[in-house]
Amino acid sequence: QNAVSALRRREFHRSVTVRDALNQAMDEELERDERVFLMGEEVAQYDGAYKVSRGLWKKYGDKRVIDTPISEMGFAGIAVGAAMAGLRPICEFMTFNFSMQAIDQVINSAAKTYYMSAGLQPVPIVFRGPNGASAGVAAQHSQCFAAWYAHCPGLKVVSPWNSEDAKGLLKSAIRDDNPVVFLENELMYGVPFEMSEESQSKDFTIPIGKAKIERQGNHVTVVSHSRYVGHCLDAAAVLAKEGIECEVINLRTIRPMDVESIETSVMKTNHLVTVEGGWPQFGVGAEICARIMEGEWHVSSQTSCSTQRLQSVQNPMQKFKFCMCLREVPD
């Protein structure tokens, strides 16, 4: 009987890396909608810098999977124009650090056009690629752009953690009529996660703007996104041995933020910890804490909620571990 149960589990759950989940999402959406296409540096013949687009060029050809020059401002502008013309581009940045070259297209052309046209001109585009710190890539290639882009009205900002997040949220982002910034993590690409039979369906999507409780608890609410959700779950397992039960919330979406789920949890635990890879000042954690403190529940309640933010040091990222002893840059 145990052997049969194990066999059934293998039939309905299989291990899929985040890289392959993203690949599946793009493959299924390219197949479903002929308006969808992928463009970016090395996405076609080289299968992508991180092999996320592996096999797509051979399957769909030059018109659907397009290699671009090393000119983020140029190809991001082409992608935005294509979206305005009725196509649904996926614009890949080799790293979101390079999106700084194209930020005028992302903010001024993509994010603001629907509002400036009084709702007449949608811009259905996905800007995707690795975000945040990786291994030893130093200050200019280690920034987290979650707070940067979430600051801007008109953008939706998504930050998946595991394979299910990656597939379901990317499919929703491609189908969305608004510009979506899709922040992946380079260190997560090769990490495998169990995926249910439902999540392996071509119809599987995850709604943008809805967080997920990854672990139930009643002592402290821990809110995070992307790679750091895994760190929070590891910490929660350690604390559980000491009798402290953490409720771990995977944000999934930075903008629009699911404040309701966070507030519901904090009403139960009365303690809030936010964890992120970005800098502390004006960060995602700062916004969460402010929204909770300004919320109707907190203002009207007689209890006080304790908050704590955990994030990157207020420094440009160091390349080597032995440099991490440097003090924070003063304001």
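**Helix packing and local backbone features**

The model is a predicted one, in which local features need pLDDT of at least 70 and side-chain atom pairs count only at pLDDT 80 or more, whereas totals for chains, interfaces and linings use all residues. Residues are numbered from 1 along each chain as its sequence is written, and side-chain values use heavy atoms, with hydrogens and water left out.

Axes are lines fitted to C-alpha atoms, for helices over the stretch in contact, and angles run from 0 to 180 degrees between N-to-C directions. The crossing of helix 4 and helix 5 is right-handed (the near helix is turned clockwise from the far one by less than a right angle; anticlockwise is left-handed). On the side of helix 4, Met73, Ala76, Gly77, Val80 and Met84 take part in the contact, and helix 5 contributes Asp104, Gln105, Ser109 and Ala110 (contact: heavy atoms within 4.5 Å). These residues comprise five nonpolar, three polar and one charged (Ala, Val, Leu, Ile, Met, Phe, Trp, Tyr, Cys and Pro are nonpolar, Asp, Glu, Lys and Arg charged, and the others, Gly among them, polar).

Helix 2 (residues 18–32) packs against helix 8 (residues 163–175) at an angle of about 30°, with an axis separation of 8 Å, and the crossing of helix 2 and helix 8 is right-handed. Helix 2 contributes Val18, Ala21, Leu22, Gln24, Ala25, Met26, Glu28, Glu29 and Arg32 to the contact, while helix 8 contributes Ser163, Ala166, Lys167, Leu170, Lys171, Ile174 and Arg175. By class, eight residues of the contact of helix 2 with helix 8 are nonpolar, two polar and six charged.

Helix 10 and helix 11, by contrast, are roughly perpendicular. The angle between helix 10 (residues 259–269) and helix 11 (residues 284–294) is about 65°, and their axes lie 10 Å apart. The crossing of helix 10 and helix 11 is right-handed. Val259, Ile262, Glu263 and Val266 of helix 10 meet Ile288, Arg291 and Ile292 of helix 11; five of these residues are nonpolar, none polar and two charged.

The loop between strand 12 (253–255) and helix 10 holds Pro256, which a cis peptide bond joins to Arg255, with omega about 0°. Most residues other than glycine have a negative phi, and most peptide bonds are trans. Ser226, in the loop between strand 10 (220–224) and helix 9 (228–240), has a positive phi, near 60°. Ser226 is buried, with a relative accessible area of 6% (buried: under 20%; exposed: over 50%; partly exposed in between; 1.4 Å probe, protein chains only). Phe282, in the loop between strand 13 (271–275) and helix 11, also has a positive phi, near 60°, but is exposed at 70% relative accessibility.

Overall, the chain has 12 helices and 14 strands (DSSP runs numbered from the N terminus: helices H or I, at least four residues; strands E, at least two). Of its 331 residues, 51% are buried. The accessible surface of the chain amounts to about 16,100 Å², with 54% belonging to carbon and sulfur atoms (Shrake-Rupley method, 1.4 Å probe; for residues, only the protein chains shown count as cover). Among contacts in the chain with a separation of 6 or more, 79% are between residues 24 or more positions apart.

How values were computed: Parallel < 35°, antiparallel > 145°, perpendicular 65-115°, else oblique.
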